[in-house]
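Good morning, colleagues. Please take a moment with the sequence and the structure on the screen, and then I shall go through the sheet and the nonpolar cores.

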Amino acid sequence: MILAHKIALDPNNAQATNCARACGVARFAFNGALAEWKRQYEAAKADSALPKPAQMLLRRQLNAIKREPFPWMLEATKNAPQMAIIQLGEAFNNFFKKRARYPTFRRKGVHDRFTLTNDPFSVEGSRIRIPALGWVRMRETLRFSGKITSATVSRVADRWFVSIAVDTQDTSHLAQAENQGAVGVDLGVKALATLSTGEGVHGPKALAMLLARLRRTSRSLSRKVKGSSNRHQAKAKLAKLHARIACVRQDGLHKLSADLTRRFSTIVLEDLNVRGMVRNRHLARAISDMGFAELRRQVEYKAAMRGGEVILVDRFYPSSKTCSGCGHVLDVLPLSVREWTCPACGAAHDRDHDAAVNLKNLAASSAVSACGEEGSGARRKARVKPASTKQEVSFDHVYA
């Protein structure tokens, strides 16, 4: 499997400047290739004799002309523009397969990053050698052993990180699950997770905790004159606060997912429609602050590494309205009702705990599906038509 380890970097001022320059080159190449892709696609629609755009052809075109009009691109590693165009091709591939939206232009200061392949960089201990930068210190050593396939250098607020992808079969850093049986996990807003064992985990609620400070910082930024040094400082302060909120949320989710996958071999979750849930304007902020989708992603990959299993229950299953004792299903159960009594058997239930118990009871049912189960669906390999090399298009009008 391919695992990625994201490590904080400790570059000096010159290295940080070169990293920012490489991010700019990658962004420039991506945006120019996207504009050229649109132009070639429209031309191919008008004239069927012209081939459709492809990332391989766009890379060749940029390499052919970048030395004269764009000599500053040579100051950064050659992987920065090349991998940006390859990523554009992957974005279009995901779009055509309806796995993602149509690619958009990258903005400066938003997700600044550039990617390196295995050839031009190396990792030794707590440092990484990046072309045009030299050796850059890392805050920790690489956690995985195996063949390093790529590395992506990114900036979050005022900090630099590197995500190193390793092709490895070594998962010894995570012990096997203790096999305490199956557990049902009910996700909610009041408590992040309620387990069928009766335990309740209150999420960090990072946004709610720092919302007042976030509002003050945002108002302070709005008062600054555009283009001024004060506005630049206020913008950096706001970015650091957003990064802090994200880190607090990620810390809580990692602790919960690690505890669940360490203790239980079978974890039952609901297949929540988070995109539909956040349409409720009264609960959208609280739901987004919890991070349901990220928790599910972490539980799935950590359970796979520990040899466990994650079972997803259909989102329309009435877990909260079903009595875990006799199976009676209520017609209506408002969200404001946190405790209820079963009219059939008289059992008193806590809404969240009852839902978690019902999820656990469904662990052996045929109505649920396990993540990663063999035969869950055939996937057809995408076939890409080779691009013609006869089409000659200049990037001059795109990058001018």
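Predicted model: local features only at pLDDT ≥ 70, side-chain atom pairs only at ≥ 80, totals over all residues.

How many bridges join strand β1 to strand β7, and in which direction do the two strands run? There are seven bridges between strand β1, residues 2-10, and strand β7, residues 159-167, and the two run antiparallel. Within this pair, His5 stands opposite Ile164 in β7.

Seven strands make up an open sheet, in the order β2-β6-β7-β1-β5-β4-β3, with antiparallel pairing. At its edges are β2 (113-117) and β3 (122-124), each of which pairs on one side only. From one strand to the next, the twist averages 35°. Helix α1 packs on the sheet, where it touches β2, β5 (134-138), β6 (147-156) and β7. The direction of α1 makes about 90° with that of β2.

I turn now to the interior. In soluble globular proteins, nonpolar side chains tend to be buried together. Here, the largest nonpolar core has 43 residues. Those with the most contacts inside this core are Leu9, Phe114, Ile128, Ile130, Val153, Val162 and Ile164. Helix α1, residues 13-46, gives the most to the core, with 10 residues. Another core, of 20 residues, lies apart from it and has Val183, Leu195, Leu256 and Val299 among its members.

Finally, consider Val162. Leaving aside its neighbours within four places in sequence, Val162 is in contact with residues including His5, Ile7, Leu9, Ile128, Met138 and Val153.

Technical notes:
Residues numbered from 1 in each chain as written. Heavy atoms only, no water. Core = buried A, V, L, I, M, F, W, Y, C linked by side-chain atoms within 4.5 Å. Buried < 20%, exposed > 50% of the residue type's maximum accessible area, 1.4 Å probe, protein only. Helix = DSSP H or I, 4+ residues; strand = E, 2+ residues; numbered from the N terminus. Contact = heavy atoms within 4.5 Å. Pairing = 2+ DSSP bridges. Axes fitted to C-alpha atoms, helices over the stretch in contact; angles between N-to-C directions.
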